[in-house]
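Morning, everyone. Have the structure up while I talk.

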Amino acid sequence: MSDFIQSLSATTRFCAVLGYPIRHSASPPMHNAALQTLGLDCRYLAFEVRPEQLRTALEGAKTMGFIGLNLTVPHKVLALNMVDALDASARQWGAVNTVRFEAKSATGEWIPLGQGGAGEEIRMQGFNTDAEAIVRALREDLKVEPRGATGVVLGAGGAGRTAALKLAAEGAACLYLVNRTEAKARAVAEEIQRDYPKTQAILGYPAGSVDFLLNATSLGLKPGDALPWDESVFRLSQTPAVYDMIYRPAVTPLLQQAQKADCRTANGLGMLLYQGARALEIWTGQPAPIEVMRAALLKAVAPTV
Ligand code: ATR
């Protein structure tokens, strides 16, 4: 108990994740383990904030000297119009998942509060660390290099759209886009054709083999969910690598089947880890202790049986 009391003081600063719902977020243990390792007098909290209260919550965090925030569902797009400045990443991906609070210095520069910034005038800068995390997870956890690759992307919601566009931006040769609501996949294909014409975007499944399959649908989150792909049209033997953005459960029916088909597999834990690691670096200016964060995440999402 005394450790607990001594570890918090009037100089302790805060960061947090805002979402609705938020109860099951694994971000607090991941970030607090990192903050402790870095020896920072800072804690990471989670707040359940309804979308209609987002602006008030952002202003509150600003007033109270928070160093940064993560935003999750349903706030990422809403926040675009609420922050004072947008980093190129937030502009490019049309969503903010990381907010950094910055103070104006005597010379007019904006210095992050988590990097020594102090002053009367504070602004919020919005970043997006999700897109980068997707390709880092594919590279590091699945050994898939997007440049020149051919892949299947299942899902064309927020996550699927960002994944497909980021893969195209990284130089993927060809992406097969599949979504229950085909019009959404078509809209993503059109965006790719317009912005990244070197990448071929094709609706539906490939007849031959690809380098990877990525699931960005929510199918697999709940027991009894249908499989996220059509087994009668695409066989997992057509791909050597399968990524599922879902991390709870750790092994979805898709990943189970992919393992049986001898594919390399990875779940969405890496994405959660890498987006968080980058956010921490944006706030503090220090390299994120990746392995400490990974261990804390694994512990936090481990099934309790
Ligand atoms: P996220 O931000 O996580 O991408 P989302 O935008 O709601 O969340 O997208 C969810 C994705 O899962 C979409 O691709 C959705 O398909 P639709 O665009 O047709 O809605 C997909 N999805 C959700 N439930 C599904 C179901 N029962 N069958 C097939 N696809 C489903």
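Predicted model: local features only at pLDDT ≥ 70, side-chain atom pairs only at ≥ 80, totals over all residues.

**Around the ligand**

Twelve names to find: the ligand is surrounded by G155, A156, G157, G158, A159, N179, R180, T181, K184, T217, S218 and L219. Residues are numbered from 1 along each chain as its sequence is written, and side-chain values use heavy atoms, with hydrogens and water left out.

That shell divides into three nonpolar, seven polar and two charged residues. Here Ala, Val, Leu, Ile, Met, Phe, Trp, Tyr, Cys and Pro count as nonpolar, Asp, Glu, Lys and Arg as charged, and the others, Gly among them, as polar.

Which residues put polar atoms by the ligand's oxygens? An N or O atom in the side chain of N179 is 2.6 Å from a ligand oxygen. For R180, a polar side-chain atom lies 2.8 Å from an oxygen of the ligand. S218 uses a polar backbone atom, 3.2 Å from a ligand oxygen. The protein covers 63% of the 640 Å² of accessible area that the ligand has on its own. Those areas come from the Shrake-Rupley method with a 1.4 Å probe.

Helices are DSSP runs (H or I, at least four residues), strands are E runs of at least two, and both are numbered from the N terminus. Helix 6 has twelve residues. Its buried residues include G160, T162, A163 and L167. Buried means under 20% relative accessible area (1.4 Å probe, protein chains only). They pack against several elements, among them helix 5 and helix 7 (182-195). Contact here means heavy atoms within 4.5 Å. Just after helix 6, G171 takes a positive phi of about 95°.

Helix 5 covers residues 130-142. D130, I134 and L138 are among its buried residues. Its packing partners include helix 6 (158-169) and helix 9 (269-284). Just after helix 5, K143 has a positive phi of about 55°.

**N97**

Last stop. N97 sits in the loop between helix 4 (88-93) and strand 5 (98-104). Buried or exposed? At 2% relative accessibility, N97 counts as buried. Its side chain makes a polar contact with the side chain of D130, at 3.1 Å. Such a contact is a pair of N or O atoms within 3.5 Å; within protein, one must be able to donate a hydrogen and the other to accept it, and residues adjacent in sequence count only if both atoms are side-chain atoms.

Definitions and conventions: Buried < 20%, exposed > 50% of the residue type's maximum accessible area, 1.4 Å probe, protein only. Expected span 1.5 Å × (residues − 1). Near = heavy atom within 4 Å.
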